[in-house]
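My notes follow in the order I took them.

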Amino acid sequence: MSDAPVILGGGPAGASAAIRLARAGLSPLVIERDAGPRHKVCGEFLSIEAQAVLAHLGLDLDALGASRMTRVRLVHGRRVAESALPFIARGLTRRTMDEALLAAAVAAGARIERGVAVRSVGDRRLTLDGGREIDAPRLLLASGKHDVRGVRRDPAGTMADLVGFKAYWRLPPAETAALDGHIEIVLFDGGYAGLQLVEDGIANLCLLATQARLAAAGGWEGLRDGLVAECPHLARRLGDGRELLDRALAISNVPYGYLHRPRAEDPDWIWRAGDQLAVIPSFSGDGMSIAMATGLAAADALIAGTGPAAHHAARAAELAPQLALADRLHRLSRIAPLHGPAVAVARAVPGVLRAVARATRVPEAALPL
């Protein structure tokens, strides 16, 4: 049996952990379900913390073509509030970022098996497609939003009734220029959307909607058209634009607000990271920094011989205040009558948006750089 660590998942958390472990000489094996580059449902907003981690891991965001954002707009119907962000944010597709991270992991000495799905996790073993089994004496669980049989998250108390969508748009030149440098958050009855530029001047429209709102709309096209009809700002942005993907990407049953805390029944050979450890509501824009920071922290725990229980307890203590605040704000955002007043307050006191952006950041102590 090989003693090399196994990482389940090659997204931001898994790839970051692979780089750290490989640089420590441990030659981890990464099991990644996607055979090649693929877009993911994600707002693709890189906070200042995420940028710091990526720089530490060797990625050059300018070379990758990442956009820049310095301001945030909050939108509801015809109302718009705007404020400066507390940092310069970047926008980069997960397709580009994930591949760059995996390439860095391979360059550092990690091994990667791609196009392989893990069907279940047993006692220090993984069962893959076709029934093949591999040993996993030390497993770093970083499968993102996808649960795996045998190590599923408990969604109790979370907001798991939301469906996430992402579509890319080529906006008219005037609308691209108006959006440039901004992240726009659009509140609507039954959810919210984010609109920003990523590389090559492409706009990322990413949104969350309740299953009830989606069912009433009859699917993605009805939901999209309904939002355009009720939000003049979004209608202006998208009206003469062109949707680039054949169909929008979608994901459901994500347990927003989830935070894994140590339990007596937890295996002593599995360290959690990324969305398998904590799922912050997406409006905070810090999901990717949490993924990468917890991936690095899990790798450090494994290198130091720190057990999963201590690792999970430390990460929960670091992230609990931030997740609790984001969770409360997310629940308030679901109360439609508050949308208009929220934008009015943000217009009257622009510093409110800046303060919220600052308060939902990953604590500096949680960045193991």
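I looked up the contacts of L46 (heavy atoms within 4.5 Å), leaving aside neighbours within four places in sequence, and found Q51, L54, L61, A89, R90, L92, M97 and M288. This is a predicted model, in which local features need pLDDT of at least 70 and side-chain atom pairs count only at pLDDT 80 or more, while totals for chains, interfaces and linings use all residues. Residues are numbered from 1 along each chain as its sequence is written, and side-chain values use heavy atoms, with hydrogens and water left out.

I then turned to the nonpolar cores (sets of buried Ala, Val, Leu, Ile, Met, Phe, Trp, Tyr and Cys residues joined through side-chain atoms within 4.5 Å). Buried stands for under 20% relative accessible area, exposed for over 50%, and partly exposed for what lies in between, with a 1.4 Å probe and protein chains only. The largest core has 51 residues, and L46, L54, M97 and L101 touch the most other members. Helices α1, α2, α3, α8 and α9 (308-333) each supply at least two residues of this core. Helix α8 gives the largest share, ten residues. I noted a second, separate core of 25 residues, with V72, L162, Y256 and V279 among them.

Helices (H or I, at least four residues) and strands (E, at least two) are DSSP runs, numbered from the N terminus. Helix α2 covers residues 48-57, and its buried residues are E49, A50, Q51, V53, L54 and L57. I asked what covers them; the list includes α1 (12-23), β3 (45-46), β5 (79-91), α3 (94-108) and α8 (287-304). As a reminder to myself, an α-helix has 3.6 residues a turn, so residues three or four places apart point the same way. After α2 comes G58, with a positive phi near 100 degrees.

I found I270 in strand β17 (residues 270-272). I270 is buried, at a relative accessible area of 5%. Neighbours within four places aside, I270 is in contact with V121, L139, L141, V151, P308 and H312. I also checked I270 against V6: they are 264 residues apart in sequence and 9.7 Å apart in space, C-alpha to C-alpha.

D3 pairs with R138, the closest N and O atoms being 3.2 Å apart. Because D3 lies in the segment before β1 (6-8) and R138 in the loop between β9 (133-135) and β10 (139-141), this pair ties together parts that are 135 residues apart in sequence.

D300 and R20 meet in a salt bridge at 2.7 Å, N to O. This pair links distant parts of the chain, with D300 in helix α8 and R20 in helix α1, 280 residues apart.

R213 and E230 meet at 3.0 Å, N to O. R213 belongs to helix α5 (residues 211-217) and E230 to helix α6 (residues 220-230), 17 residues apart. R213 is buried, with a relative accessible area of 17%; E230 is partly exposed at 38%. I also noted one network, in which salt bridges that share partners join R71, R73, E82, E175, E184 and R237.

Two strands pair if DSSP finds at least two bridges between them. Three strands form an open, antiparallel sheet in the order β7-β8-β9. β7 (118-121) and β9 stand at the edges with a single partner strand each, so one side of each is left without a neighbour in the sheet.

Three bridges join β7 to β8, and V118 has L128 as its bridge partner in β8. Strand β8 (residues 125-128) also pairs with β9 over three bridges, and R125 stands opposite D135 in β9.

Last, I looked at the turns. The hairpin of β7 and β8 has three residues between the strands, and R124 in the turn has a positive phi of about 60 degrees. The hairpin of β8 and β9 has four residues between the strands, and G130 takes a positive phi near 80 degrees.

Conventions: A salt bridge is a side-chain nitrogen of Lys or Arg within 4 Å of a carboxyl oxygen of Asp or Glu.
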